[in-house]
Amino acid sequence: MKVSVLTMTLALVLGTSWLLAQNTQTPESPKQVTLFPDGYLDHDALTIAIKKVETEFPLVVKVTSLTKTLGGRDLWLATLGHDPKVKKPAVLLVANLEADHLVGSHVALRLIEQVAAKGAGILDQVTLYVIPRLNSDGADQLLKSKPSADFRLNVRAMDRDRDGRLNEDGPDDLDGDGVITRMRAKDPKASLIADSTDPRILRKPDVAKKERPVYSDYSEGIDNDGDGQINEDPLGGVNLNRNFPHRWSEYDPEAGANPASEPATLALMKFTSEHPEIVAVWTFALADSLTTEPKKPGSTIDDADLPIFVDLSKAYLKATTKETAKAKEATKAEEKKEEPTAKTGAEAPVEKAKVAPEGKTKDTPKAKGQGGGGRGGRGPGGGGVPQTAPPAPASAPAGDLNGTTDGSLAEWAYHQLGVIGISSRLWATPEIADPAEGAAKPPADGEARWLYWNDKVVGGRAFVPLKAFDHPRLGKVEIGGWRPGVRLNPPAESIDAIAGSQLVFLKDLIGRLPKIDVKDVTVTARGAGLFEIKATVSNEGLLPTTLAQGVRVRRPGPLLVKLELGDAKILSGRPLYRVDSLAGNGGKQEYRWLILAPQGTKSLNLVVSHPKVGTTTSTIELK
Amino acid sequence: MHLRTPGLLLTIAVALSAAQAYAADTKVTPPPKVSIAFNRLYDYPELVEQLKALVAAHPDLLTMKSIGKSIEGRDMWCVTINNSKTGSDRSKPAMYVDGNIHGNEVQAAETCLYLIWYLTENYGRVETITKLVDERVFYVIPTVNPDGRAWWFTGPNTTNSSRSGKSPIDDDRDGVADEDGYEDLNGDGQITQMRRKIKGGRFKLSPTDPRIMIAVTKPEEEGDYELLGSEGIDNDGDGQINEDGPGGYDMNRNWPADWQPEHVQFGAGDYPLCWPETRCIADFIRDHTNIAGVQAFHNAAGMILRGPGHPSRQADYPAGDDRIHDEIGKVGEKMLPFYRNFVTYKDLYGVHGGFIGWTYEHLGIFSFTNELWNNEQLLGRSATTGTTLERAIGGGEQDDQLFASDRLLFGSNYRPWKPFKHPFYGDIEIGGFVKETQRVPPMFMLEDLCHRNAAFVMYHADQMPKLIWDDVTVAKLNPGLFTVTASVKNIRSIPSVAQQAANRRIGLPDTITIHGDNLKVLAGGPLANRDTGEIDAAEFEPATLRLNSGVGGGSTVRVRWIIQGKGPAHVRYHSQKGGSLEKAVLNLED
């Protein structure tokens, strides 16, 4: 009912015949698909959810706060499977670097829950560090602000228009519908036209077809500060995923005043400095690094490391393809497995898919905030070149679907920490069931596919139809567009399946980690207290002990091969060997010492240690 | 009687002249409120004590506060020199001065101390100083690296060591940090050199002075000594000596402009501003947007350095700003006879992530680093040759340095070689220059160094923008319709907005505003042509005009408004780095 009323309004406004055709369509299924933000948790609800896991599995999960964010919220870190007595590698998982990428937080929460409940297979091999929501201030801004508005950055106060006032000209809910959408105006600055197949789509005119620009695209609002610009100083500060030091965008306020300028990113970088055991950093962020295999010359991955990343990409695609079908089965199987555990009472299973009650995330916000149009920033390849032109005002399309890699955590992790750095978007395209035989196929990609999804799958609830409005400066405009976050975050019921396939990949990744083995230890007595010792140190894992990039940046310390001599003396060989890296899949190195041991010396220790992989101590009997 | 009177008179006359002489003396060199000897170095606690004594003696001009804590928990003291009677510190152009970011570059702190002492002691005595203190603000952080400073004084060090802060770094990558530093083997309180007599060594003793080692150059020649490095042992048993001392990084490579990771730039740290010392200073400087000049003190070699630190940054040094830097540096060369006016990357070496690179490139502040002291000064020779640090601090040949040590310092700069039984090397000799040499001037020359460099800071501070109203006039166009023309002049050489700041949108643009209760500003803009009266009219907000480039050095900016109404008008010029001007003079009437 609601849908048809809205569509009618739109039809009246635009008066185009295709809309009437739309009106004859009905949603395919009577069961309505949940639409973001329904089912998504705000900071407080997320806090309760992760603390609950900690309470249920206190021996496995420890939840700590790394710092307070600008908005005073705790930056939660869940540590799973840490054992102070055992040196083992760690995987760091960070989600919600961009405020509007909430799906990452929820997938991270599922992973915490599932690994906590049945950690074997993962936690005996690694420590898992999970930061489910790096940008909790921004996420709450997106989830709770009224009117609802796109928001990608953190909440650092900014003066983008350099007029001495902070965040004084953000968008305004002109049509009073409770949501900030887009505003199109026919003005002299026009650079776009409405697509003839679907006028909801704005695109660049095709000059070859003699098309001329008609519209300018603004975020909904007025010129609050009277400087002639509309919405040029909205709330919203730094994009946390552009605030890391690799290819950091200097002079762009959205990248921060300096790398690590924000409390959350600083705390995270400090954490990585204090935890050299981290072998991989996996971010859930808008830029996808695994869904296409990296290739030269585009990729900046070291030649020697490239095959590793290609393999990871293959593994990821294998784990996530046909996500829905496969993962649903996986989840079902997991549920079955869980039941007996629950019955024996050894460990209570985690409550499945906890979804916040309807309206939970729509509490009245404490502060009346203006929604900020999060600018996407420059794509890969933009860094390093001095930017001479001043940054454009923040008028780029809000809810930009593109992620960035310049200054991102994953890129920094690889290029400067020298570890596996990867990033997953988790949901890039809407699920649309195959049409009935003979019916037209849905558009394969782009805006058209999203609009098809809006019209046919979610019953028109994702896109607010365009409506005429009389704007004080621009005159007659049309206001409408995508609801905040709906194209970045899947319906809440998809999250379990997505998490299921990420867990498959996580296990695959962990199965590749380097493993140090000391073998072929031989001792030959040469008489008069003289012994020859030989030992081979090998790497039985798939990954090298240190990536080529790690060797280059020298951040991960070398593999150390050390003979603990006691009173014995080395006559040949060195007391300590530093090995930059042992190749994966059986890479090895032989060592040989001649030692002179005092009478009665029974044994020596050979200690092989690596800051990431761990320590192996072998006792060498002298006989 | 007749005879005695003159005697009495004579006595009185003598007494009088003695009293007069005493009075005259105090007039020429009045005793300071705070006596500080500038012929010695102050370790960290003494330095803080001197700062506190100065603040206590000059409460009207000085305040000090700790802006953070070092790695080892020492306070980062910042002294503000401001006459609050002429305005709050933030209302005036400010000169930021620091030193000793490299812990061993110690006299940088004494130079800062001298600057504070000189400005406050001469306030009210020397007119130029009084004026400077009334018009400008100075923020002074004498030691950016208090841990490194403390360790240089108290720990086993050479003139080159204790450069780093004290966060442990595993320099030799053996899994243990800071486990193999120097040892004062002979217990003489100095880390000097070790040499060993050995057949086929690379060195021989100078025939004129056996303290001097001469390298063997000819292939057929055979030396009889080898150099074994600085005093110490192999603490960690890896066969190397002194390879993992305290710290092991460089805080002057940790700043956000052109920061590069460790494998590109040694000492950079894990990410920009990763240490508490650099971070709290960055926060302080960014918070004080009135800072218009930066001076950092280092040692040594006698250089006035400015950016770029690396050739790749040339695009961030627009010609207009560079010319002003150069002009100030040239004046500095005259004030500092042994110093050369240099561009870091061209004349010294390439640096990524340096401090003054950041303050200029990212913050648009005119910035210099002075490398204090050049050994050539000891013998009164000017440093005309040599462009690298190594040549400059080794200035003069060893025999000249020893001559100066023997004749001017009575041997105190040098420890004669003495035999020592080394646990690893066996019979060796230990001796050489002490740590208070080479990079550090002899104490009798310290005050001269402090004064000349403090004077350079004062010159730079004086060249910060100084804005005055050039003229503000009213003309009637029609009844009830006026033009107001205002012009602001900068009577110093530094612009109120650096070209770099204007290009990169750093900080706020200058603004000029007109306001009156009964006035309506119809139009306004910079006066494009004084003769035709043409203005570049602002499309919006004509009452507040934004001047992105501010007022250039020695230049005048003119704006004109067209105003309707009657009554008083108030004009205000505001500049983050040039201060504010107010004028409530005009009365618009027919």
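This briefing walks through the chain contacts, domains, helix packing, sheets and backbone details of the structure above.

What you're looking at is a predicted model, in which local features need pLDDT of at least 70 and side-chain atom pairs count only at pLDDT 80 or more, while totals for chains, interfaces and linings use all residues. Residues are numbered from 1 along each chain as its sequence is written, and chains are lettered from A and ligands numbered from 1 in the order in which they are written. The H and E labels below are helices (H or I, at least four residues) and strands (E, at least two), taken as DSSP runs and numbered from the N terminus.

**Where the chains meet**

- On the chain A side, 26 residues are in contact with 25 residues of chain B; "in contact" asks for C-beta atoms, placed from the backbone, that lie within 7 Å.
- Three elements of chain A each supply at least two residues of the side that touches chain B: helix H6 (263-274), helix H12 (548-553) and strand E17 (576-579).
- That side of chain A divides into 13 nonpolar, eight polar and five charged residues. For these classes, Ala, Val, Leu, Ile, Met, Phe, Trp, Tyr, Cys and Pro count as nonpolar, Asp, Glu, Lys and Arg as charged, and the others, Gly among them, as polar.

**Domains**

- Chain A is assigned domain 1 (43-144 + 236-427 + 488-511) and domain 2 (516-621); such bounds come from an automatic or database domain assignment.
- Between these two domains of chain A, 16 residues of domain 1 are in contact with 16 residues of domain 2.
- Helix H9 (residues 409-417) of chain A gives the most to the domain 1 side of that contact, with four residues.
- The domain 1 side in chain A has eight nonpolar, three polar and five charged residues.
- Chain B is split into domain 1 (44-151 + 250-377 + 442-463), domain 2 (179-245 + 414-433) and domain 3 (467-588).
- Taken over C-alpha atoms, the centres of domain 2 and domain 3 of chain B are separated by 70 Å.

**Helix pairs in chain B**

- Helix H2 (residues 44-57) of chain B and helix H3 (residues 107-121) of chain B have axes that come within 11 Å and cross at roughly 10°. Axes are lines fitted to C-alpha atoms, for helices over the stretch in contact, and angles run from 0 to 180 degrees between N-to-C directions.
- H2(B) and H3(B) are therefore roughly parallel to each other; the label covers angles under 35 degrees, with over 145 as roughly antiparallel, 65 to 115 as roughly perpendicular and the rest as oblique.
- From H2(B), Leu47(B), Gln50(B) and Leu54(B) meet a set of H3(B) residues: Ala109(B), Leu113(B), Ile116(B), Trp117(B) and Thr120(B).
- The contact of H2(B) with H3(B) has six nonpolar, two polar and no charged residues.
- Helix H7 (residues 319-335) of chain B packs with helix H12 (residues 446-463) of chain B at an angle of about 155°, their axes 10 Å apart.
- That angle makes H7(B) roughly antiparallel to H12(B).
- Ile328(B), Val331(B), Gly332(B) and Met335(B) are the H7(B) residues that meet H12(B), where their partners are Arg452(B), Ala455(B), Phe456(B), Tyr459(B), His460(B) and Gln463(B).
- By class, the contact of H7(B) with H12(B) has six nonpolar, three polar and one charged residues.

**Sheets**

- Chain A has an open sheet of four strands in the order E17-E15-E19-E20, with antiparallel pairing; strands pair if DSSP finds at least two bridges between them.
- E17 and strand E20 (614-621) of chain A are the edge strands of this sheet, each pairing on one side only.
- Inside it, strand E15 (residues 559-564) and strand E19 (residues 603-610) of chain A pair over five bridges in the antiparallel sense, and Leu560(A) has Ser609(A) in E19(A) as its bridge partner.
- Chain B has an open, antiparallel sheet of four strands too, ordered E15-E16-E20-E18.
- The edges there are strand E15 (467-478) and strand E18 (519-526) of chain B.
- E18(B) is joined by seven bridges to strand E20 (residues 556-565) of chain B, and the two run antiparallel; Gly525(B) has Arg560(B) in E20(B) as its bridge partner.

**Backbone details**

- The peptide bond from Phe36(A) to Pro37(A) is cis, with omega near 10°, and Pro37(A) sits in the loop between helix H2 (17-23) and helix H3 (43-56) of chain A.
- Gly307(B) to Pro308(B) is also a cis peptide bond, with omega near 0°.
- Arg173(B), a residue other than glycine, has a positive phi near 55°.
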